[in-house]
Amino acid sequence: MSEITPDLVRHLGVLARIQLSEGEVARLTGQLDVIVDNIAKVSEVATADVVATSHPIPLQNVFREDVPADVLTIEQVLQNAPEAADNRFRVTAILGEEQ
Amino acid sequence: MGRDKLMDFDEALERFEPVLGFEVHVELNTRTKMFSAAPNPAHSANHDAAPNTLVAPVDMGLPGALPVVNEEAVRASISLGLALGCDIAPSSRFARKNYFYPDLGKNYQISQYDEPIAFEGSVEVELEDGTVVTVPIERAHMEEDAGKLTHVGGSTGRIQGAEYSLVDYNRAGVPLVEIVTKPIFGAEHRAPDIAKAYVQTIRDIVLALGISDARMERGNLRCDANVSLRPRGQDKLGTRTETKNVNSMRSVERAVRYEIQRQAAILAAGGTITQETRHWHEDTGTTSPGRPKSDADDYRYFPEPDLLPVAPADSLIEELRAALPEQPVVRRRRLKSDWGFADIEFRGVVNAGLLGEVEATVAAGATPAAARKWWMSEISRIANADGREPGELVTPAQVAELQRLVDEGTLTDKLARQVLEGVIAGEGDPAQVVASRGLAVVSDDTALIAAIDEALAAQPDVLDKIRDGKVQAAGAVIGAVMKAMRGQADAARVRELILERASQ
Amino acid sequence: MSASDEIIRLTAADLAARLSGGEMSSVEATRAHLDRIREVDGDVHAFLHVNERALEVAADIDRRRAAGEELGPLAGVPLAIKDVLVTTDMPSTSGSRILEGYMSPYDATVVARSRAAGLVPLGKTNMDEFAMGSSTEHSAYGPTRNPWDLERIPGGSGGGSAAAVAAFEAPLALGSDTGGSIRQPAHVTGTVGMKPTYGGVSRYGAIALASSLDQVGPVTRTVLDAGLLHDVIGGHDPHDATSLEESWPSFAAAARDGASGEVLRGLRVGVISELPDSGFQPGVSSRFRAALDAMAAQGAEIVEVSAPHFEYGVAAYYLILPAEASSNLAKFDSVRFGMRVIPHAGATVEEVMAATREAGFGEEVKRRVILGTYALSAGYYDAYYGSAQKVRTLIQSDFDAAFAQVDVLATPSAPTTAFRLGEKLDDPLQMYLNDVTTIPANLAGVPGISIPAGLAPEDGLPVGIQFLAPAREDARLYRVGAAVEALLVDEWGGPLLDRMPLRGGVA
Ligand SMILES: [Mg+2]
Ligand SMILES: [Zn+2]
């Protein structure tokens with residue numbers, strides 16, 4: 001069995017900014033436990049001598065020239081805003097601090 | 001705020017050894033952003049942009065948008081790494097730093113994590129007393145800036161107590177290089193000076209490279225200062241605090257001094273230091289606690305799958321190395337000897353942060369003494385009064401032109417100051433201001449002679465007095481003529497003409 | 001068969017020929033498909049949105065053609081667009097409630113290229129929410145049904161696109177494939193689905209699920225049609241840093257060339273020894289074997305090859321995908337676009353974000369986001385995400401070794417035929433195992449195509465055969481796919497879809 005506990009699931013909910021009900025915590029704990037038991041087998045073959053691949057097709061030095069383009073109009077920027085004021089996005093009070 | 005107990009600075013240094021560390025964020029002045037082609041607000045062309053008008057899809061995290069790296073920002077980062085004496089990584093890559101915050105359009109910041117572009121360097125830093133200190137550099141890495149929040153409601157305009165906040169994504173995606181020092185040991189009582197001189201040096205370097213406008217008041221250069229204390233004789237490092245966003249060189253110095261005094265008082269009273277970020281308050285000259293380190297700081301870094309490794313060719317690195325400007329310390333030594341300034345004069349320019357301005361003004365044709373005089377007196381005075389930076393007001397070329405007009409007799413010193421005001425008011429270059437305000441010295445003798453005649457008619461005894469050898473009597477006439485000419489006459493010429501008349 | 005019925009049954013290639021030959025107008029072609037949608041989509045539910053302006057776009061193409069303008073080969077042909085692709089003139093929801101009504105200010109590159117080529121957008125197709133699923137049951141807007149049997153799933157995540165072309169609601173559709181989302185729906189609906197080489201088609205404007213796995217591709221009824229659409233959407237895009245810069249051959253030309261069957265002579269076809277027939281539904285295995293026999297009869301050489309790490313593919317995939325998705329989906333936070341839920345008066349922005357994501361995301365999305373958050377979190381990264389990236393390397397070397405021996409690999413496209421709606425909904429792990437044969441291609445970035453292989457005798461439902469080729473060898477798949485398609489259609493005496501029971505909305 002893996003180490004998935006309801007407390008861990010609650011903590012993951014905080015990190016992922018999803019408010020989870022106690023019912024969801026219980027259900028996810030059970031499901032993730034089964035899933036993690038199955039996917040943990042990757043470590044069987046992932047030995048130290050194997051390099052990690054993060055891109056399927058290796059490329060490097062893909063750059064863009066420093067030329068302005070793609071800028072949106074203010075209407076486009078705000079067209080889906082749930083709430084806006086003074087051409088900016090409005091959000092309710094922020095609890096946490098800047099990083 | 002401000003209720004912290006502080007220990008006397010000297011006593012604190014007697015009992016504890018301060019260990020410093022700095023994270024300086026430099027906004028690059030490329031034309032476009034780090035990962036999008038939107039115009040960069042840190043480029044001078046875009047300073048005054050209205051909110052949310054410098055935004056491409058990726059800057060606000062629109063669904064489907066993808067980042068692409070700005071080549072110019074990579075070149076600038078390599079140059080900066082080299083100027084910091086760093087090794088350039090043969091291959092470096094971007095990672096995602098995941099955390100939720102409304103100023104972060106994607107809710108992750110693209111940064112470099114375990115593979116920064118530059119690492120292991122050092123910079124020589126010259127303190128105000130001329131001592132040179134070496135600051136070890138851990139790494140310099142590329143990343144993107146976040147947007148800007150405005151907190152509305154409540155009393156302070158700060159985040160605490162605000163009713164709501166407004167988000168502007170113009171700054172989101174501005175190219176940043178974050179320079180991280182290793183722990184700086186042995187700073188001792190010079191710790192605050194080192195802090196200030198270090199930031200000053202970084203500013204000089206990026207200005208010499210031309211890769212950032214480096215205006216601290218605009219946030220082009222931002223310093224986080226880490227301070228910890230350990231009791232004398234202890235090996236283990238003490239717990240550090242990170243004072244964020246200290247945005248002037250003087251504040252960096254004060255913040256470090258404050259943290260040393262504050263932490264010393266706590267430790268001496270048997271207390272412990274909390275590992276936390278702290279905020280600097282310019283008005284009160286104090287720091288206040290911010291966010292404590294916690295396990296919520298799990299940024300879940302992983303390699304950015306939308307971007308590829310940056311693997312600069314040796315030829316590119318050598319090309320950029322060959323183009324590096326000289327080190328600030330070396331440059332200062334050179335300029336000081338070229339200009340022939342006294343120690344105190346030279347240090348005055350350095351400490352005012354006007355070395356570059358004076359240098360550029362000399363390059364534009366002014367004498368070093370004249371260049372220094374303009375920047376250190378009249379321009380600094382006006383800047384101070386307006387709460388702006390001298391470099392914002394006029395260009396070195398304009399200052400050199402102004403001085404040339406004085407040297408060739410078109411302007412008197414007094415007129416030149418009026419012309420400077422016109423230039424600062426945005427009326428154009430000095431020659432334009434002279435023309436539009438009609439400020440040139442009247443060099444037409446006919447006009448002067450007419451004014452002299454008029455003045456002599458009012459004071460008929462003056463010529464006789466002069467002929468009697470009382471030459472100082474000319475002063476009254478000169479004054480009258482100057483007044484009639486509204487100051488736009490060369491007083492020496494007026495005097496000459498009066499004496500000529502007396503000798504006739 | 002009515003005139004309209006005849007139009008919708010044409011392949012895109014035939015439709016295009018009639019349009020350019022002046023025998024039919026784009027307005028007629030478009031209207032026939034809109035009529036068909038009206039007729040059957042109440043049952044099938046392939047579309048989330050139908051383009052109200054499709055006829056105007058078609059009329060404009062007709063006008064330009066009449067004016068003698070030089071138009072692309074597919075100009076005037078209708079196109080269905082998976083809702084994962086952003087469009088300026090229709091909402092883009094990615095099948096999620098959190099993006100209900102979202103209007104993009106820009107078009108996905110593949111959409112822009114399709115418009116530029118004169119294709120007529122018919123509407124946006126249904127999908128599992130954020131492309132997470134293999135059945136389209138995870139759409140926030142209700143499931144799509146398989147036109148072969150309305151009680152069964154159309155595959156996923158791109159069930160809407162596959163069902164739309166299978167039900168003759170569109171001749172062509174765009175899909176996206178992160179672990180099989182183009183190929184597995186093709187398998188269960190008797191259609192053709194192609195996942196290009198990673199980087200062969202731009203991802204710009206495809207709402208990201210897992211950035212290192214996602215690839216956009218064509219969903220069609222024939223291999224030639226897939227090649228024609230691939231020619232339109234493929235090629236380098238400077239807006240996508242992972243987009244490949246090479247110039248590609250014409251895939252339509254490759255398909256036409258392959259249809260002669262010549263390519264099969266001496267073709268070395270690898271069958272993976274670690275994928276035993278026993279793991280598959282008997283009808284899936286038997287159709288697969290029969291297709292291989294037919295190829296062998298034309299001179300292909302069937303070779304057994306080993307891919308020892310493929311069995312770790314599903315595990316690696318269900319670490320990499322949720323990890324990348326947990327980060328990609330963080331942008332749905334109620335600040336700039338999308339749903340906003342305020343849980344109580346005076347709620348902080350943190351509470352608003354958490355409540356919005358709770359209400360706006362479906363169960364499967366939350367499951368994977370939490371799983372991905374776990375796989376990346378401090379202390380677990382090396383064991384999970386890091387190890388999964390190593391498995392990727394091992395699977396790539398399995399492919400390298402295999403392609404040193406054979407020209408293409410062949411597998412069944414999925415383990416079973418279309419299962420019943422609801423059958424696997426409560427068992428996520430079973431659902432995940434559906435992608436066992438398609439996932440390795442995404443992990444390694446190689447191209448894969450699924451074409452119809454026949455009907456399973458036990459349930460009469462379609463079965464697909466998948467071919468895989470080395471990275472950048474997409475043209476080889478069009479050649480081989482077209483050859484096998486011609487061979488089997490010939491054997492069947494007509495396209496497989498002729499045997500589909502759906503007629504006029506009644507199964
Ligand atoms: Mg930092
Ligand atoms: Zn930083």
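In which sense do strand E10 (residues 448-455) and strand E11 (residues 462-468) of chain C pair, and over how many bridges? The two strands pair in the antiparallel sense over seven bridges; strands count as paired if DSSP finds at least two bridges between them. This is a predicted model, in which local features need pLDDT of at least 70 and side-chain atom pairs count only at pLDDT 80 or more, while totals for chains, interfaces and linings use all residues. Residues are numbered from 1 along each chain as its sequence is written, chains are lettered from A and ligands numbered from 1 in the order in which they are written, and side-chain values use heavy atoms, with hydrogens and water left out.

**Sheet of chain C**

- Chain C holds an open sheet of 11 strands with mixed pairing, in the order E1-E3-E2-E4-E6-E5-E10-E11-E9-E7-E8; strands (E, at least two residues) and helices (H or I, at least four) are DSSP runs numbered from the N terminus.
- At the edges stand strand E1 (47-50) and strand E8 (301-305) of chain C, each with a single partner strand, so one side of each has no neighbour in the sheet.
- From one strand to the next, the twist averages 30°.
- Within the pairing of E10 and E11 of chain C, Ile451(C) has Ile465(C) in E11(C) as its bridge partner.
- Helix H10 (residues 282-297) of chain C lies across E7, E8, E9, E10 and E11 of chain C and runs at about 55° to E11(C); axes are lines fitted to C-alpha atoms, for helices over the stretch in contact, with angles from 0 to 180 degrees between N-to-C directions.

**Nonpolar cores**

- The largest nonpolar core has 217 residues, and Leu85(C), Met295(C) and Phe467(C) have the most contacts inside it.
- Such a core is a set of buried Ala, Val, Leu, Ile, Met, Phe, Trp, Tyr and Cys residues joined through side-chain atoms within 4.5 Å, where buried means under 20% relative accessible area (1.4 Å probe, protein chains only).
- Leaving aside residues up to four places away in sequence, Met295(C) touches residues including Leu264(C), Val269(C), Phe467(C) and Leu487(C); contact means heavy atoms within 4.5 Å.

**Metal site of chain B**

- His25(B) (NE2), Glu143(B) (OE) and Glu178(B) (OE) coordinate the zinc ion (ligand 2) at 1.9 to 2.1 Å.
- Donors are N, O and S atoms within 2.8 Å of the metal (3.2 Å for Na, K and Ca), and sites may look incomplete because water is not among the atoms.
- Along the chain, the donors of the zinc ion (ligand 2) follow the spacing H-x117-E-x34-E.
- His25(B) lies in strand E1 (residues 16-27) and Glu143(B) in strand E7 (residues 132-144) of chain B, so the pair ties together parts that are 118 residues apart in sequence.
- Both His25(B) and Glu143(B) are buried.
- The magnesium ion (ligand 1) and the zinc ion (ligand 2) are 4.1 Å apart.

**Fold of chain B**

- Chain B has 17 helices and 15 strands, and 55% of its 504 residues count as buried.
- Nine strands of chain B form an open sheet with mixed pairing, in the order E3-E6-E7-E10-E1-E11-E12-E13-E14.
- Its edge strands are E3 (87-88) and E14 (286-292) of chain B, each pairing on one side only.
- E3(B) runs antiparallel to strand E6 (residues 118-126) of chain B, joined by two bridges, and Ile88(B) has Ala118(B) as its bridge partner in E6(B).
- Helix H6 (residues 328-339) of chain B lies across E6 and E7 of chain B, at about 30° to E6(B).

Conventions:
Buried means under 20% relative accessible area, exposed over 50%, partly exposed in between (1.4 Å probe, protein chains only).
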